[in-house]
Amino acid sequence: MFRRVSLSILLLMLLASTVSAQTWAEKMFKERVHNFGDVARGAKAEFRYELTNLYEEDVHIVGVTSTCGCTSPRIEQNTLKTHETAAIVAKINTDRFQGKKGATLTVTFDKPYYAQVQLQTRVYIRSDVVFHPGSVEVGAVPEGQAVDRQVVVAHAGRSDWKILEVSCANPHLSASVEEVGRSGGNTRYQISVHVDKTTPTGYLHEHLVLKTNDYNRKQVPLLVQGRIEPSIVVSPPSLFMGSVESGQSVTRNIVLRGAKPFRVISVHCDDERFSFMVPEGSATPKVLHVIPVTFVGGTASGNLEQIIRVETDLGSPVPDLPAYAIIQ
């Protein structure tokens, strides 16, 4: 009787261990399923499956595979330290495939434990609509600067095909459409895209929606991507102070880099356990400033998350710096 009970407990423990080995990795992903919807032939169609290391140990990605040649995956960053964020990028090969497609991407981890996570993609690649170029590439744009780009849309098959409207959920993007050619069953439009100067800093990854007079597939997405560069870049993008014992003092550096010389007015955090040493030279305009940050562990154990804010004489806001620590 004792042996049967022991074996049952052991099997339950092994089962729980197997499930846990998968779920720890799954918990890091923001999304694991993405439907691209209808996309044009030759269009740039990519999606970032974001994952964040929620653990104290480093996370290492061995590789990623796809069950279909219609989807090519790549790893943005193989090793993630605590609270670092990266992504598995799925690219649809719209130049080589048509019709309804789908793929399963298997992401394999070997650290801190072995695990595999499956990601799903779905897409319908149209053969009658083509973009030139395949997306709206904004590129790297300084903060406060407006950008204009153009894309040509070609359609073949219906002499009466029309683009009725172009819309976008992002209020900082606008677009206009102009018919530039129509002959037989071929139609060409030019889409003019405007990114306004108030667009927030960071990565720009949006879709314009072309609404057409098609009977069944009325909408076609057009990818708009780029990066709005802040006046001042803070590195690292997040600050991990490490595992800190009660009363222990730890110091890390943050680096502020600007497009033009600037002065550091103040650095502050709502948590008094953080202190900052603003060097005397910071009063002199420079394109680069190094600020030491010191954290002293408190008496209560657990994970700590705070925001460090920097003020300069440029007027434009500096991106908030998330700060983390594990108090033993």
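Here is a short tour of this predicted model, one selection at a time.

Before you click, note that numbering runs from 1 along each chain as its sequence is written, and that side-chain values use heavy atoms, leaving out hydrogens and water. Local features need pLDDT of at least 70 and side-chain atom pairs count only at pLDDT 80 or more, while totals for chains, interfaces and linings use all residues.

**Colour by confidence.** The protein averages a pLDDT (the predictor's confidence in each residue, from 0 to 100) of 88, and 93% of the residues score at least 70.

**Select T121.** You'll land in strand 8, residues 115-132 (strands are DSSP runs of E, at least two residues, numbered from the N terminus). T121 is buried, at 1% relative accessible area (buried means under 20%, with a 1.4 Å probe and protein chains only). Other residues in contact with T121 include H34, F36, Y49 and A90.

**Show strand 2, residues 45-52**. With 5 residues, strand 2 gives the largest share of the lining of the largest pocket (an open set of points on a 1 Å grid over the protein atoms alone, where a 1.4 Å probe fits, with protein on both sides within 12 Å along at least five of seven lines; lining residues have an atom within 4 Å of a point).

Definitions and conventions. Helices (H or I, at least four residues) and strands (E, at least two) are DSSP runs, numbered from the N terminus. Buried means under 20% relative accessible area, exposed over 50%, partly exposed in between (1.4 Å probe, protein chains only). Contact means heavy atoms within 4.5 Å. Lists of a residue's contacts leave out its neighbours within four places in sequence.
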